[in-house]
Amino acid sequence: MQTKQYSLILMKKQEADTVKKQCKMCGKVTLFTDTTIRRHNANGKNIYQFAIYKCPKNHSWNKKLDIYKSFTNHVDPMTLVPSEFMPIEGGEKISLSVSANDSYEINITGVEGNFRLDRTLADHIEGWSRTEIAQKIKSGHILLNNCLTKPSQKLSVHDKILITVNK
Ligand SMILES: [Zn+2]
């Protein structure tokens, strides 16, 4: 029996942000769309956060979002997530093997907004409906922080979802 560990950051789905702006490459005012990709650049003791926008012809524009001072020993937040955790990306669904007697642990490493346990799992597990998930929560095959919980339970940061299959 093996436990596969994942990490998941829950963020509100955002409407793609657009900005009307001169594109230097196109040589005209055009509509830039936020790709939602974020980039961090260190410059001396400052860390700059950029949002990557693209014009319809795929030219990039980096919109400066934040500047924050780094600590002398700056810790990249990404390094705080243990490396054995496989990150589940925003729109990604993981598939859980039903033949292996494995268990799966999903660690919530960030939450922005309200997320129900059952809906979150339905959004991120391939082929599992919300109804099936609700049944697994009630039967104890899905535990939250090693405890029985309810499908409508709201998730918070550092929550650990334990899923056992093939039982
Ligand atoms: Zn352009």
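In what order do the elements of the protein run from the N terminus on? They run β-β-β-β-β-β-β-α-α-β-β, which comes to two helices and nine strands. Please keep in mind as you look around that this is a predicted model. Of the 167 residues in the protein, 31% are buried. Among contacts between residues at least 6 apart in sequence, 54% join residues at least 24 apart.

## The zinc site

Let us begin with the metal. Cys23 (SG), Cys26 (SG), Cys55 (SG) and His59 (ND1) coordinate the zinc ion, at 2.0 to 2.3 Å. If you want to find these donors in the sequence, look for the spacing C-x2-C-x28-C-x3-H. Cysteine 23 and histidine 59 link distant parts of the chain, 36 residues apart. Cysteine 23 belongs to strand S2 (residues 18–23), while histidine 59 sits in the loop between strand S4 (46–54) and strand S5 (60–69).

Why is the arrangement of the four donor atoms called tetrahedral? The angles they subtend around the zinc ion are 99 to 121 degrees, and four donors count as tetrahedral if all angles lie between 85 and 135 degrees. For comparison, the ideal angle for four tetrahedral donors is 109.5 degrees.

Is cysteine 23 buried or exposed? Cysteine 23 has a relative accessible area of 2%, and buried means under 20%, so this residue counts as buried.

Cysteine 23 also takes part in strand pairing: its bridge partner in strand S3 is lysine 28. S2 and S3 (residues 28–43) run antiparallel and are joined by six bridges. Together these two strands form a hairpin with four residues between them. In the turn, glycine 27 has a positive phi of about 75 degrees.

## The five-stranded sheet

Elsewhere in the model, five strands make an open sheet in the order S6-S1-S7-S9-S8, and their pairing is mixed. Strand S6 (86–88) and strand S8 (142–144) stand at the edges; each has a single partner strand, so one side of each is left without a neighbour in the sheet. On average, neighbouring strands of this sheet are turned by 25 degrees against each other, direction ignored.

Which strand does S1 (residues 3–11) run parallel to, joined by nine bridges? The answer is strand S7 (residues 103–112). As one example of a bridge, lysine 4 has tyrosine 104 as its partner in S7. Helix H1 (residues 117–124) packs on the sheet, where it touches S1, S6, S7, S8 and strand S9 (160–164). The direction of H1 makes about 110 degrees with that of S1.

## The loop between S8 and S9

The loop between S8 and S9 is worth a visit too. Asparagine 146, cysteine 147 and histidine 158 are among its residues. The table lists their accessibility.

| Residue | Relative accessibility | Class |
|---|---|---|
| Asparagine 146 | 58% | exposed |
| Cysteine 147 | 45% | partly exposed |
| Histidine 158 | 68% | exposed |

Asparagine 146 is not a glycine, yet its phi is positive, about 65 degrees. Histidine 158, also a residue other than glycine, has a positive phi near 75 degrees. As for cysteine 147, this residue and lysine 160 are 13 residues apart in sequence and 10.0 Å apart in space, C-alpha to C-alpha.

Technical notes
Residues are numbered from 1 along each chain as its sequence is written. This is a predicted model: local features need pLDDT of at least 70, side-chain atom pairs count only at pLDDT 80 or more; totals for chains, interfaces and linings use all residues. Side-chain values use heavy atoms; hydrogens and water are left out. Two strands pair if DSSP finds at least two bridges between them. Axes are lines fitted to C-alpha atoms, for helices over the stretch in contact, and angles run from 0 to 180 degrees between N-to-C directions. Contact means heavy atoms within 4.5 Å. Donors are N, O and S atoms within 2.8 Å of the metal (3.2 Å for Na, K and Ca); water is not among the atoms, so sites may look incomplete. Four donors count as tetrahedral if all angles lie between 85 and 135 degrees; four count as square planar and six as octahedral if opposite donors are over 155 degrees apart and all others between 65 and 115; anything else is irregular. Buried means under 20% relative accessible area, exposed over 50%, partly exposed in between (1.4 Å probe, protein chains only).
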